[in-house]
Amino acid sequence: MDKLPDPEVSVTADDVAAAAGVSRWTVARAFKKDASISPGSRDRVLTAARRLGYAPDLLAASLASDRSNLVALITNDFNNPHKLVLLERLTRILSGHGWATLLIHMSDSDDASAALLAASQRRVDAAVLIGTRFDDSVLDTALGARRVKKLVVFARYSQNPNTLTIACDDILAMGRIADHLVERGYRRPAFLAGPDTQSAKLHRKSAFIEHWRSRTGGDVATVHAEAYDFGAAIEAVSLLFTGAMESRPDVLVCENDILAIGAMDALRYRLGLKVPEDVAVTGFDDIPLSLSPAYRLTTYRQPITQMAEALFDVLEGKREGDVLLPGQFIARDTA
């Protein structure tokens, strides 16, 4: 039985090289995914490394190569369950391609610069922004100070020319939702959006309104929830339906699924209305809860896997420029 390595003893690449009968440079190549090394030599090195308890110092390697294979994921908005779906898919796909991820929580817009500084201090190769509380002035400051090598805005849009956007194509998506509603005979839509801020935006509200007007010539009532969460949606919808309106909306088009689910509960349990008989509802994202028998939400599924693969291509230098990808319309019971 092999003796367990002593945790108090620091094992070096030279120790592994001696145990495997190879050079120190062969040890270094064995831990690089695409390095030129024979299978036999790699196996001997990895076997010796496991026996000795050796792991390469990734920080030291990044200092030597100017590449860390580490990506910072900067996010907030954890009340939105779709954020957890995004993070799970991103980390799984990037890890499968040999990239490590560092999660940095940003609670509000004042934290954005600090979050980007924290990312740069850890020598990340890129910072990926998956939040709702940052604006172009913050991005300009970070880029001007060279705090990060590459800034990617994920699942939202930025007008900053020095960032790269990877997102679902909102214009295509909202056009598909609008077409479905027109074909089903709905005529009085209201749009429930998230906070009306100057942060990196979604284009869903403007895209839906423009497409609806082009199809019907009609207007779209709009209301903003104070946050992308369930409770904020309930309050916003309650206010919309108790205010003075010439005619009640016959469909609520929601900017994401968690707003749609809050809207449905407000309609059913606070206002005493039926979905979809009195008011139809659509969402966006296709979170797992949208498939629950309690909701069966008509929604639009974001192409998260393809977006994550596009991010990998950007990190590897295989792709340049913004990436907008089509998703899939999911018709269920609420519209």
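Reader: What makes β1 and β3 a pair?
Author: Five bridges join β1 to β3, which run parallel. Two strands pair if DSSP finds at least two bridges between them, so five bridges qualify. One of these links has A72 with A127 of β3 as its bridge partner. This is a predicted model in which local features need pLDDT of at least 70 and side-chain atom pairs count only at pLDDT 80 or more, while totals for chains, interfaces and linings use all residues. Residues are numbered from 1 along each chain as its sequence is written, and side-chain values use heavy atoms, leaving out hydrogens and water.

Reader: Why is the crossover from β1 to β2 called right-handed?
Author: β1 and β2 pair in the parallel sense over six bridges, and I74 has I104 of β2 as its bridge partner. The chain crosses from β1 through α5 to β2. With the strands pointing away from the viewer, the path from the first strand over the helix to the second runs clockwise, so the crossover is right-handed.

Reader: What makes β2 and β11 edge strands?
Author: The open sheet has six strands in the order β2-β1-β3-β4-β5-β11, with parallel pairing. β2 (100-105) and β11 (323-325) each have a single partner strand, so one side of each is without a neighbour in the sheet.

Reader: How do you know that Q302 is buried?
Author: Its relative accessible area is 6%, which falls under the cut-off, so Q302 counts as buried. Q302 lies in the loop between β10 (299-301) and α12.

Reader: What makes the link between Q302 and D285 a polar contact?
Author: Their side chains are joined at 2.7 Å. A polar contact is a pair of N or O atoms within 3.5 Å; within protein, one must be able to donate a hydrogen and the other to accept it, and residues adjacent in sequence count only if both atoms are side-chain atoms. The 2.7 Å value lies within that limit, so the term applies.

How values were computed:
Helices (H or I, at least four residues) and strands (E, at least two) are DSSP runs, numbered from the N terminus. Buried means under 20% relative accessible area, exposed over 50%, partly exposed in between (1.4 Å probe, protein chains only).
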